[in-house]
Amino acid sequence: MTIKTFFLNNERTAYVRAYLLGRIEEVPWTHKRPAIVVFPGGGYESCSDREAEPIAMRYAAEGYNAFILNYTCNKKYPAAFTNAAYAMFKIKARAEEFGIDKDKIAVVGCSAGGHLAGCLATMWNDTKIVSVIGCEPDDIRPAAAVLCYPVISGVTSPHKGSFNILAGEDAPPANLSRLSLENRVTPKTPPVFLWCTADDDTVSAHNSLVMAKSCVSNNVPVELHIYDSGPHGMSDCSKASGYDKRFYETHCGEWVKASVRFLGKHLNL
């Protein structure tokens with residue numbers, strides 16, 4: 001495996017770390033691998049290490065080249081979204097160097113990172129962000145999105161910490177609605193995989209429910225898993241991310257395999 005890092009701003013506070021698997025000459029699909037871009041959570045206050053490399057390594061084990069985005073935190077929208085869009089643009093532009101198929105790049109995000117990944121999935125054709133990046137809409141569109149216990153809505157059971165940073169503590173309802181992803185889904189939104197737990201007391205499962213409902217209403221392929229119990233922030237549910245084997249082997253940890261099957265179908269792998 002080769003590891004590369006590239007920066008997205010002059011201050012070097014936003015950057016992408018790439019985990020690139022070797023090419024296997026006798027296995028043709030490895031010449032242009034599928035890719036996953038990981039958006040860690042952290043309430044838009046920080047980027048959680050627990051929701052970064054452990055998840056990237058799980059997808060690498062499935063043959064994906066993985067990229068982790070460390071994005072700008074503690075700044076209003078669209079600071080982090082601009083990082084996400086620019087990261088996708090650069091990854092696609094360097095697809096040959098990275099040994100990936102630019103049409104088979106999915107995003108995966110946890111909690112607030114799920115909101116950020118969802119922004120890219122639902123707002124990739126936003127004229128303002130396309131103008132800022134200086135690209136075509138398809139240059140930043142992911143092929144699919146995996147959203148893990150995601151922050152979605154600023155209206156329905158909102159995670160106030162995330163939306164206070166995104167929109168400001170005294171943001172008017174219209175601004176909160178504009179940043180609520182269930183309102184941004186269109187028939188052009190890529191396929192979406194969602195998972196959460198019913199008793200998550202940090203980011204309510206209602207977030208995933210309203211996102212799934214919006215996907216259904218817009219004929220967007222969607223798969224939703226609500227596990228009966230588990231704390232917020234479980235990452236891949238493994239020891240590497242701080243959780244014991246009861247989650248990994250018998251409970252929520254199955255989400256990774258389920259998402260790989262979903263991506264395999266919708267990325268034509």
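Rings of Phe, Tyr and Trp (the six-membered ring of Trp) are taken as a pair if their centres lie within 6.5 Å, with planes under 30 degrees apart counted as stacked, over 60 as edge-to-face and the rest as tilted. The model is predicted, so local features need pLDDT of at least 70 and side-chain atom pairs count only at pLDDT 80 or more, whereas totals for chains, interfaces and linings use all residues. Residues are numbered from 1 along each chain as its sequence is written, and side-chain values use heavy atoms, with hydrogens and water left out.

**View 1. An aromatic cluster that includes W195 and Y227.** Y59, Y64, Y149, W195, Y227 and W255 form one aromatic cluster. Within the whole structure, twelve aromatic pairs are found. W195 and Y227 make an edge-to-face pair, 5.9 Å centre to centre with 70 degrees between the planes; because W195 lies in strand β7 and Y227 in strand β8, this pair ties together parts that are 32 residues apart in sequence. (Strands are DSSP runs of E, at least two residues, and helices of H or I, at least four, numbered from the N terminus.) W195 counts as buried at 0% relative accessibility, and Y227 counts as buried at 8%, where buried means under 20% relative accessible area with a 1.4 Å probe and protein chains only.

**View 2. The pair F67 and F98.** These two rings are edge-to-face, at 5.2 Å centre to centre and 65 degrees between the planes. F67 lies in strand β4 and F98 in helix α3 (residues 95-98), so parts 31 residues apart in sequence are tied together. Both F67 and F98 are buried.

Methods:
Buried < 20%, exposed > 50% of the residue type's maximum accessible area, 1.4 Å probe, protein only.
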